[in-house]
Amino acid sequence: MNTQSKIQSLFTNGILEIILVLLCVVLAVTASGFLTAENLLNVLRNVSMQGVIAFGMTMVIISGEIDLSVGSAVAFSACLTAFLTQKLSAEWASLPITLAIAIAIIFALIIGFFLGVFTGFMRTRYQVPSFITTLALMTGLSGAAELITNGFPLTPFPSWYNFIGGGYIFGIPFPALLFLLTFIILQFLMNYTTFGRSVYAVGGNAEAARLSGINVSRVKMMVLGITAFLAALSGIMVSSEIMSGTATTAKGWELDVIAAVIIGGTSLMGGVGRIWGTMVGVVFLGVLMNGMTLLNVSEYWQHVVRGVIILVAVLLNLLQKEKTRR
Amino acid sequence: MSIPTHSLQTRFLRKEYPGTVALDDVSVSFLGGKIHALIGKNGAGKSTLVKIIAGATQPTRGFILVDGLEVSLSSPRDALERGIVAVHQELSLVPELTVAENILLGRLPKKHGLGNAVIDWRLVFDRAEQILADLGIHLDVREKASTLGIAQQQVVEIAKAMSYEPSILILDEPTSALAQHETERLFDVLKRLKTRDVVLLYITHRLQELHEIADTVTVLRNGALVGTIGIDQATPAAIVQMMFGEVVQRSKPVDLIAPTEAFIEVRSLSRAGAFQDVNFNISKGEVLGIAGLLGSGRTELLRAMFGADPPDSGELIIAGHHVRPTSPEQMKELGVAMTPENRKDQGLVQLLSTRINLCMSSFNRIASHGFLTRAREERLVERNVRELDIKVARTDAPIAFLSGGNQQKVVIGKWLNTNPRLVLLDEPTRGIDVQAKQQMFQIIWEMSKRGISCVVVSSELEELLDICHRILIMRAGRIVSDVRPSELSLENLFAACMKEEA
């Protein structure tokens, strides 16, 4: 490959990465306080709770499905963890607080996983679109969170619990480490395992995948399950960050998460997308929001800008695809 | 009988596509008040001719005369204005609208005044009823199209076409989805149309219908006009001769192993509405053909054997296992593979690369402990590309860029990678060029030599004679005979498939 075509391929395949770098350069110059280790780690911490879900959502969208319930699932799992911790350490039993928290976390993660599997089951067994099932779950889980908390934040956590959402290891925020770990695992899963390759096949053409002897139902149940599991994990981080189970947290997160996935180049039609693209999409949105805040751009404007970015990113992707087709 | 006034003629029509000539100087005349059957094998040029007449595509050269006058048809709208209407094979009714709305779609009568914006429903229903009555059809025009059976929908399509008062009506395989009694009803309508001096062009694959409905038979082969004969001259022998030409028998390689013991058995396999009580054996390394017309149940049988559409009853005996196929996943484990009829939509994921498509059925075999690496995939893919002679520049580019023949090789390669015992091939040569077809035969024989049994379904009967050890003839969901190619001429095979369903 000669230099020119190398540059060309960088532009067609890495346009978002280039824009992200440019954005960072601009912000480094214009926004004081942007290019400090503290601020950058802060950005990473801010994006990590939505980010872990975004990686799962990438798989879901590649497989040709959607999950609208992740925001409510975050709130639900945060409340469930707080609720169980409270009950297990005080009311139903008087377990040591550490044990109570451990049981609560494990339970919340398992419940989360099976909620996703349920969506997949409805999809493959009864042909209920995942859009509908997760829309129902979105309302249902939000209500369930209100029910178990009685509408008030539950605060059963001891102070060390704050570590999960607010702690540091070697100066790096703990949620950011979970975010990176999730990235590595899913990147590997999607590119180096039979499961990951099947996800692309199922999303690209479910019938061809079925006729290739791939178990389409299992693949769909698994991707939805993994994503709901990650939403539950995110909920645990949130409950730790705010030290309570609050039913109103994470409202509207599903849209932020889907936006990051789409900006990262994943096609809503299924079959196309990369975990790495989502990583760039998530960081891009994080940097943009952080930069605008540092530059004192009003929150309303931030929303408008984000809307424009989503549209432009998708447009760029489509134009690029048209180009390569020719 | 009145003197026909309507006519359609083509003069030296030629259509070239990059790399092929789809239509080669076709000059033919059709008169009003008659039903003209247009026949030919797949790829003979029928649909290209129809598309040109209907204005959907333009000829490279040549022209069309309607009622003796030269016309230029640069769009379907042009054709419509000249009184040419085509009813396509795929039905295009809007299911949630009434019969009347469907017939008059886009031309609903409006009430005068009120800016001509309000639909005059009484007029809509009256007019639609009138059109149906003229065709001798009794249907409630207020019913939704979705409540109609396929034959009735087909009739509504024809009524819709007739509402344009065409002088030329083209029917593209109108009976392909119809049952026997439905076909008869449709024929009644067509015979009525004959009395109205309409030029009726009737494309069909069902040769047994010709004597019931057609007045003349026009045959195309490889894009060229072979000729037009009156129905009284159209004996099966004459038609086969015209459709296939002088058939050159390609010889099978002599070292093809003779199949011996039963290897896989099919026992009383049935699926309601598709096929009943099918029994046969396949030997190791045997190439077994299934001949039958469209709708004979041949594709359904293959799909059932593969578990794609599980059978209602019956079983397969594979290497001593008695199994009722329930899913492709299960049959894959038992060493059964299938290359589907619709390669583009069912055989491949067009978005994905050649590499992933080749590996798609065998991820588990390629992976070690569930982990795939690109190197492992590439080793396999390289071998596929070499052995099957797949012409591909980059195996990581989307497979959509490959030609039909190469895509078909990828589908086969995908299954060879699962190390199968039995490969079911549904129309393996459809839509691929002559050279690729020869390669496909070589690949099938190569599999046979390696001890893989193959079941081949093909509409190209002469191909089955060329490549198979043995041929099963299927008619109306049953296997009616079991023959050896050496015992049978193409003509006889054709007649055996066509024989009226008793």
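In this predicted model, helices α8(A) and α13(A) are roughly antiparallel to each other, because the angle between them is over 145 degrees. That angle is about 150°, and the two axes lie 9 Å apart. Helix α8 of chain A covers residues 174–192, and helix α13 of chain A covers residues 275–294.

Which residues of α8(A) and α13(A) meet? From α8(A) come A:Phe183, A:Leu186, A:Gln187 and A:Met190. From α13(A) come A:Ile275, A:Trp276 and A:Met279. By class, this contact has 6 nonpolar residues, 1 polar residue and no charged ones.

A:Lys87 sits in helix α4 of chain A, residues 70–91. A:Lys87 counts as partly exposed because it has 17 C-beta neighbours inside 10 Å. A:Ala104 is 17 residues away from A:Lys87 in sequence, and their C-alpha atoms are 9.6 Å apart.

Now to chain B and its sheet. Strands of a sheet pair through backbone hydrogen bonds, either parallel or antiparallel. Chain B has an open sheet of 6 strands in the order β6-β7-β8-β3-β9-β10, with mixed pairing. Strands β6 and β10 of chain B stand at the edges. Each has a single partner strand, so one side of each lacks a neighbour in the sheet. From one strand to the next, the twist averages 20°. Helix α1 of chain B, residues 46–53, lies across β3, β6, β7, β8 and β9 of chain B. Helix α1 runs at about 145° to β7(B).

| Strand pair | Direction | Bridges | A bridged residue pair |
|---|---|---|---|
| β3(B) (34–39) and β9(B) (216–221) | parallel | 4 bridges | B:His36 and B:Thr216 |
| β14(B) (313–318) and β15(B) (321–323) | antiparallel | 3 bridges | B:Ile317 and B:His322 |

Strands β14(B) and β15(B) form a hairpin with 2 residues between the strands. There, B:Ala319 takes a positive phi near 45°.

How many residues of chain B are in contact with chain A? There are 25, and they touch 19 residues of chain A. Helices α10 (328–333), α11 (343–347) and α13 (363–366) of chain B each supply at least two residues of this side. By class, the side of chain B that touches chain A has 14 nonpolar, 7 polar and 4 charged residues.

Definitions and conventions. Residues are numbered from 1 along each chain as its sequence is written. Chains are lettered from A and ligands numbered from 1 in the order in which they are written. This is a predicted model: local features need pLDDT of at least 70, side-chain atom pairs count only at pLDDT 80 or more; totals for chains, interfaces and linings use all residues. Axes are lines fitted to C-alpha atoms, for helices over the stretch in contact, and angles run from 0 to 180 degrees between N-to-C directions. Angles under 35 degrees count as roughly parallel, over 145 as roughly antiparallel, 65 to 115 as roughly perpendicular and the rest as oblique. Two residues are in contact if their C-beta atoms, placed from the backbone, lie within 7 Å. Ala, Val, Leu, Ile, Met, Phe, Trp, Tyr, Cys and Pro count as nonpolar, Asp, Glu, Lys and Arg as charged, and the others, Gly among them, as polar. A residue is buried if 20 or more other C-beta atoms lie within 10 Å of its own, exposed if 12 or fewer, and partly exposed in between; C-beta atoms are placed from the backbone. Two strands pair if DSSP finds at least two bridges between them.
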